Amino acid sequence: MLTPAFVIHSRPYRETSQLVEVFTQDSGRFTLVARGSRGPRSSLKGLLQPFTLLTIAWRGKGDLKNLTQVECPDHSLRLGGDRLFYGLYLNELVYYLLEAHTPFPEVFDAYARAIMALADGETPELPLRRFEFLLLQALGYAVDFEYAADDDSPIDPTLLYGFERELGFVACERAPDPRTLFLGAHLLAFAEGRFDTPPLLQAAKRFSRLALQPYLGKRQLKSRELFLKRKGSVSS
């Protein structure tokens, strides 16, 4: 049976094959062997590309199974310029943060929407922030944006709140790290899933980085490194 999937990452394997990390709608993230896919006559040549919605089948025992069938019902979604790095960033989040062989259908759907939005020219920050917030929910990191963590009082849109990872948001006027301070009005917008102004997008980006950091640990995201390197080469 064929199942929807995206290629997250691939690398050469032996002389003519590839190890392909896929993210599927029904079975989550895992690695497949695409035997002979790098050979000159392979029917898979050019198909196993990132940002392309495929339908695939596989078989085998153990953790490393064989890719047996690939169909491409849609055209590849082209991500050029900076949007390529945004897409690679989403792929790294999927690769590093989702447990292998565990279905995350809601994350798969959100990923597909984010890639489509990037390809369609939507302001990149919007799909990125939507995906990050949903990913945090899927990981079990439920932050209450409507009530203060210390006394359950409703968030006041006029007050500042400090973000504490193990607790939530607590009203305060200052914090050792100003990056952890958020305006109550922004938190209430997050609760509604709104990121419709530049200040909201900036605040959402700060929150996502703070909340995702414990999951990423000391990993250096390659997409961010490549993005900064490209910006440096363009400015010079």
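This is a predicted model: local features need pLDDT of at least 70, side-chain atom pairs count only at pLDDT 80 or more; totals for chains, interfaces and linings use all residues.

Reader: Great. Which domains does the assignment give for the protein chain?
Author: The assignment gives domain 1 (1-76), domain 2 (78-142 + 218-235) and domain 3 (143-215).

Reader: How far apart do the C-alpha centres of domain 1 and domain 2 lie?
Author: Those centres are 20 Å apart. The contact involves 19 residues from domain 1 and 22 residues from domain 2.

Reader: And what area is buried between domain 1 and domain 2?
Author: About 1,700 Å², with carbon and sulfur atoms giving 69% of that. On the domain 1 side, Phe23, Arg29 and Phe51 supply 45% of the area buried against domain 2, more than any other three residues.

Reader: How many salt bridges does the rule find across that interface of domain 1 and domain 2?
Author: The rule finds 0 salt bridges there.

Reader: OK, switching topic: where does the largest pocket lie?
Author: It lies between domain 2 and domain 3, because both give residues to its lining. The space in the largest pocket is about 350 Å³.

Reader: Which residues lie nearest its centre?
Author: Arg130, Phe133, Leu134, Gln137 and Phe195, out of 20 lining residues. By class, the lining has 16 nonpolar, 2 polar and 2 charged residues.

Reader: Nice! And which element gives the largest share of that lining?
Author: That's α3, with 7 residues. α2 (105-119), α3 (125-138) and α4 (184-191) each supply at least two residues of the lining.

How values were computed
Residues are numbered from 1 along each chain as its sequence is written. Side-chain values use heavy atoms; hydrogens and water are left out. On a 1 Å grid over the protein atoms alone, a cavity is a set of points where a 1.4 Å probe fits but cannot get out, and a pocket is an open set with protein on both sides within 12 Å along at least five of seven lines; lining residues have an atom within 4 Å of a point. Grid points are joined across faces, edges and corners, and a volume is the space filled by probe spheres set on the points. Helices (H or I, at least four residues) and strands (E, at least two) are DSSP runs, numbered from the N terminus. Ala, Val, Leu, Ile, Met, Phe, Trp, Tyr, Cys and Pro count as nonpolar, Asp, Glu, Lys and Arg as charged, and the others, Gly among them, as polar. Domain bounds come from an automatic or database domain assignment. Contact means heavy atoms within 4.5 Å. Buried area is the accessible area (1.4 Å probe) that two parts lose on being put together, summed over both. A salt bridge is a side-chain nitrogen of Lys or Arg within 4 Å of a carboxyl oxygen of Asp or Glu.
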